[in-house]
Amino acid sequence: MEATAPPRTAPRSTAARALRLLTAAAVAATALAAVPQQPAHAEDGKKVLTVAVSQSVDSLSPFLAQKLVSTTVHRLTYEYLTNYDVKDAHPVPGFATSWKSSADKLTWTYTIRDDSRWSDGKPATAEDAAWTFTKMMTDRNAATANGSFTANFRKVSAPDPRTLVIELKKPQATMTALDVPIVPKHVWEKVTDFSKFNNDQRFPVVGNGPFVLTDFKVDQYLKLKPNKDFWRGAPKFDELVLKYYKDADAAVAALQKGEVSFVQGLTPAQANALKSTPDIKVNDAPGRRFFALAVNPGAAAQDGRKFGSGNPALLDPAVRKALFLAVDRKTIVDKVFQGHAAQGEGYVPPRFSAYHWKPSGAQELAYDPAKAAGLLDQAGYRAGADGKRAKDGKPLDLRILCHATDPNDKAVGKYLQEWWGKLGVGLKVECLDNVSDPWLKGDYDLAFDGWSVNPDPDFVLSIHTCAARPATPKDTASTDNFICDKEYDELYARQAVEYDPAKRADLVKQLQSRLYDTGYMNVMAYPNAVEAYRTDQIKSITTMPEAAGNLWGQDGYWSWWSAVPADGGGSSSGSGSSSGVLIGIGAAVVALAALGLFAAVRRRSSADDRE
């Protein structure tokens, strides 16, 4: 959905001119002669599905990992109690085949399947699930990534190998959407320090998902083989490789040459040019991510100690609101994403319609530079003779964290410098290869931010609670940007125990409204999932959801598990729905990246950086 702000003419800025040049160059690139291509990707006769990724792995430990590439690997290699249906995301069996709750909703009993085995041959049982959850309940470090799911657990037990019982302190609405990988007790009980163990030294890694992780080289690749004993059936490719590309042009060139099978996060220019190219299928669908500005509200730990170097000017709600009013979302969608996105509103993307929220007319902070200037005047930040704003002799100069490999961050950063500069606000765009270090230390004022939102939005809502902050300044935690707001926390607690779907959806919308009003999170856009794959390597593959779905970053393993080699025959199995969505296809390629023109508007790596 688009915001209700009236359309405005985009400024004739350097950012806008650069984007127009990139678009023109992309169109010109389509006229290049196609180069001879390799046959379907194979190694020694093996059918290899190679996926280009641009993100570094943060950890291969399910207890620590938060980045999308890492959690994607965990979706492929470990089972969760439940999965999401590929058609409409309702809960379907995973490690558990069925579940029921007591009348008071305080005890949940899951029946664990009897046809799941760990890849080392040992049976996977309820005891493994009980151990996983109990470890998260009793070891703060094991709760780093997903602790919000178990914070309300009183006790977890396995009275027999096929029965898991979870007792709660109070009702919990997420009990059929516990996005926690179940790990093998006999392997993980040997770990002594969960804060340091990254699960990346011994291969193959023992799991029970559709794939087994067999090898990993930092910023080079992850290799996975099919789990031949997977209960739903083994994947059809002989190997799945996630291959790292720091440079977007190189990834696109590899797709053209047949060195990779799939590329995600295409720029609008790349997607438009590839759409008419034989042997490459472009998938452009509404995404499950948001693109936002996160404000440092004054980093502090749960013990009350403050840390970091956030600008104290941002503690003033009027300043945050003024900056909000000085962001033209329509220009960002039209000029940066070139229409391959929807204008930002609430925290949950329109794809999840039951939870999606948009501000009312009076509440909406639409683009209004004059109103922004008035708010800054009222807050005491008045413009001097040089046009720059200051208060008590201190200029209003801000920093924003930017991902060095993400041209979208850079393009929006230029617009912000232009828009805020006209207000008299200075902005330094700090583009780094690794934004995590200053972010976790609180050494930033603002940052480009983004998360994948699950069908149940509890997790992405939980990362803005006071409890998500680190216990001490030296600890890490799941907090996104150190927000701690009493009213938000009260709403979060209420939605977490509400089982009535309509009432819970209303509370989730109230949470988004509160987050919007604080000015701590400015959701600017919901980027589409824009991706492409070689149809002479992949005959068919399942999207999620069934209509207009994505392939990369799904809530499940459906895409890579279902993929059929172009000349390998076979068909996709069911996934809980009566049918999956199969995209079929056709042949050849253009050398787009030879001009080296597409890095300037590549997808937000930051949208993947914090999953």
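What is the handedness of the crossing of helix 7 and helix 9? The crossing is left-handed, a term that applies where the near helix is turned anticlockwise from the far one by less than a right angle, clockwise being right-handed. The structure is a predicted model, in which local features need pLDDT of at least 70 and side-chain atom pairs count only at pLDDT 80 or more, while totals for chains, interfaces and linings use all residues. Residues are numbered from 1 along each chain as its sequence is written, and side-chain values use heavy atoms, with hydrogens and water left out.

The protein chain contains 16 helices and 27 strands, assigned as DSSP runs (H or I, at least four residues, for helices; E, at least two, for strands) and numbered from the N terminus. Of its 611 residues, 58% count as buried, that is, under 20% relative accessible area, with exposed meaning over 50% and partly exposed in between (1.4 Å probe, protein chains only). Among contacts (heavy atoms within 4.5 Å) between residues at least 6 apart in sequence, 74% join residues at least 24 apart.

Helix 7 (residues 317-325) and helix 9 (residues 369-378) have axes that come within 8 Å and cross at roughly 165°. Axes are lines fitted to C-alpha atoms, for helices over the stretch in contact, and angles run from 0 to 180 degrees between N-to-C directions. The angle makes helix 7 roughly antiparallel to helix 9 (over 145 degrees; under 35 is roughly parallel, 65 to 115 roughly perpendicular and the rest oblique). Helix 7 contributes A318, V319, K321, A322 and L325 to the contact, and helix 9 contributes P369, K371, A372, L375 and L376. By class, this contact of helix 7 with helix 9 has eight nonpolar, no polar and two charged residues; Ala, Val, Leu, Ile, Met, Phe, Trp, Tyr, Cys and Pro count as nonpolar, Asp, Glu, Lys and Arg as charged, and the others, Gly among them, as polar. The buried residues in helix 7 include V319, A322 and L325, together with R320, L323 and F324. At the start of helix 7, a side-chain oxygen of D316 lies within 2.9 Å of the backbone nitrogen of A318.

The axes of helix 13 (residues 486-496) and helix 14 come within 9 Å and also cross at roughly 165°. Helix 13 and helix 14 are therefore roughly antiparallel to each other, and their crossing is left-handed. The contact involves E487, Y488, L491, Y492, R494 and Q495 of helix 13 and R504, L507, V508, Q510, L511, R514 and L515 of helix 14. Its composition is seven nonpolar, two polar and four charged residues.

S513 is located in helix 14 (residues 501-518) and counts as buried at 17% relative accessibility. Its side chain makes a polar contact with the side chain of Q363 at 2.8 Å. A polar contact is a pair of N or O atoms within 3.5 Å; within protein, one must be able to donate a hydrogen and the other to accept it, and residues adjacent in sequence count only if both atoms are side-chain atoms. Residues up to four places away in sequence aside, S513 touches W357 and Q363.

Helix 5 (residues 248-257) is largely enclosed by the rest of the structure, because eight of its 10 residues are buried. These are A248, D249, A251, V252, A253, A254, L255 and Q256. Their cover includes strand 2 (46-53), strand 12 (262-264), helix 6 (268-274), strand 13 (280-285) and strand 23 (529-534). At the start of helix 5, a side-chain oxygen of D247 reaches to within 3.1 Å of the backbone nitrogen of D249. Just after helix 5, G258 adopts a positive phi of about 80°.
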